[in-house]
Amino acid sequence: MLLYTKELVAPRSKFRPGLQRFDRPSLRMKYGTMLRESFARSTIHGLQNAVGESHLWERYFWLIIVVLATSGFLGMYSILEYRHREQVLVSVVATTQFPVFSIEFPAVAVCPWNHVNWLRASTAAERFLSSKADREVRETFRQLLIGMEQLNFGNLQSLGELSQRNLSSLKHLSLTKLANYLAYRCDELFVPDSCIFDETTYDCCQLFVAEQTSKGQCLVFNSLISEESRKKRVVNEFYPYKISTAGEGSGLQFMLRLNNSFSRSDTKVPFSMNLMIKEPRQWSQPAMYHLYSNTENFVSIDPLVIETSKNTIKMHPSKRKCYFENERNPYYSYSESALPYNRGNCIFFCLQMSLLDHCKCTMPLFLPPIEGTRECGVLDIQCLYRQTDVLGYVKTIGQEKYINDSRRGQLCRCPDSCNKQQYNMLLNVRRLELTNTSGEERIRTEVYFGQRVITKIETKLQYTFTDWLAGLGGILGLYVGASALSFFELAYVLGKLLWSLLKDGYAKITLKLNRVDNQF
């Protein structure tokens, strides 16, 4: 038999007589214990100390640290969210080695200063005038042809004398049909076999087609505006043409000639040409080069490609300050014809709408046509002449802050194009040494790229969603020491707490219902 000392005997509890009742821990204590156990293993820095330290003052100290860090996180997050919501755009040089064969060769338009071929003046009178037209009517018709020699949309002053005449006898005349009939044909301007593109000789009339521009009918190469030009793309997938070389002799070459019999004997308009360089899908280009007779002209083009990133498509155009090709300016909702959005196309359509507003007619001879509208005739010449100062000058939004301009002009709300090619050109001219014996005045022209590689500028959002997410992760790790897994951990703890609340609430309601049933 073993004997135990008093120290080895466990003291017995002093129970009261009867059944003993053990109190359940309170729900507050239960949930507090659950949160302390969960946050004791948390990956969020500071929470472990705030719930795990033994002394109360240490727990409060770490709790204050966590609150201050969270406040700093929320402050930095508000700044980050503001910068992302502001949607600032930046333009950066994407590359300086963009190959030139990646872009289309520009459209080249040749527009004579004198738009009237007087060899067809007599046949034009027979075609457009009645056989019973008297001498006065024919003289008025001749004066109309003289006024059309230098007529273009930016120079309506030549209609001044015509506006003083009685033109009622020509009221059924179509100015567009008349001007196109009198315009120079391809075989009348180009020297045969003088057109060369990409070191290959072509028939000039296969390269150049008649097309309407702000200068009237011109002969245009590599364009997509006219119906005939668009047909070329159907049969040739490489149209508009591209080129992989640069320098003299690599681009487009052609020679123009003048037969003196084409001009009026007493004309004051010299044989010269306007050379227009534009994008293939652009209606016209106001800036032009003047080519004079008996000269060689070398036009070197250094394109600058400007593109806007696709991550800006969801931005409103007023915020982006540009339009993509498939977007439409609400001020000028022109139809889906052959004109994608382009600032130049928008301006010319704006002028057409202004002309329709002032004179109740349109001029498809110079501007993009609008279906269902009346074409301006000879009886509208007076109105056209009165609106010269409006139609001949385009104003830009905001220019009144910097320019004191009292001219009327036309205000066109046309933002820039998001994707475009900007041509920086250099013209060198020298005297042409004539080798022909016919004595015809000639103009030789070369248009080519200056370099085989060009600069590409890309406009994009300064802060994308990826930047926002990276910034969020940075400040979250800096101030709170958390990561993406911490959010799942926090969600798990809150979900666990919610489940316990629902479970205890359900048990409490069930207990009350059972007591009510037992009473009955």
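A cavity is a set of points, on a 1 Å grid over the protein atoms alone, where a 1.4 Å probe fits but cannot get out, and its lining residues have an atom within 4 Å of a point. This is a predicted model, in which local features need pLDDT of at least 70 and side-chain atom pairs count only at pLDDT 80 or more, while totals for chains, interfaces and linings use all residues. Residues are numbered from 1 along each chain as its sequence is written, and side-chain values use heavy atoms, with hydrogens and water left out.

Q: What volume does the largest cavity have?
A: Grid points are joined across faces, edges and corners, and a volume is the space filled by probe spheres set on the points. Three cavities of 30 Å³ or more are counted. For the largest cavity the volume is about 100 Å³.

Q: How do the residues lining the largest cavity divide into nonpolar, polar and charged?
A: The lining includes Met-148, Leu-151, Lys-215 and Phe-366. Ala, Val, Leu, Ile, Met, Phe, Trp, Tyr, Cys and Pro count as nonpolar, Asp, Glu, Lys and Arg as charged, and the others, Gly among them, as polar. The division is eight nonpolar, three polar and one charged.

Q: Which element gives the largest share of the lining of the second largest cavity?
A: Strands (E, at least two residues) and helices (H or I, at least four) are DSSP runs numbered from the N terminus. The second largest cavity holds about 50 Å³ of space. Two or more of its lining residues come from each of E2 and E6. The largest share, three residues, is from E6.

Q: Why is the pair of Phe-105 and Phe-449 classed as it is?
A: Rings of Phe, Tyr and Trp (its six-membered ring) pair if their centres lie within 6.5 Å; planes under 30 degrees apart count as stacked, over 60 as edge-to-face and the rest as tilted. The centres of Phe-105 and Phe-449 are 5.1 Å apart and the planes are at 65°, so the pair is edge-to-face.

Q: Is Phe-190 buried or exposed?
A: Buried means under 20% relative accessible area, exposed over 50%, and partly exposed in between (1.4 Å probe, protein chains only). Phe-190 forms a tilted aromatic pair with Phe-208, at 4.6 Å centre to centre and 35° between the planes. Because its relative accessibility is 3%, Phe-190 counts as buried.

Definitions and conventions:
1 Å grid on protein atoms, 1.4 Å probe; cavity = no way out; pocket = protein on both sides within 12 Å on 5 of 7 lines; lining within 4 Å.
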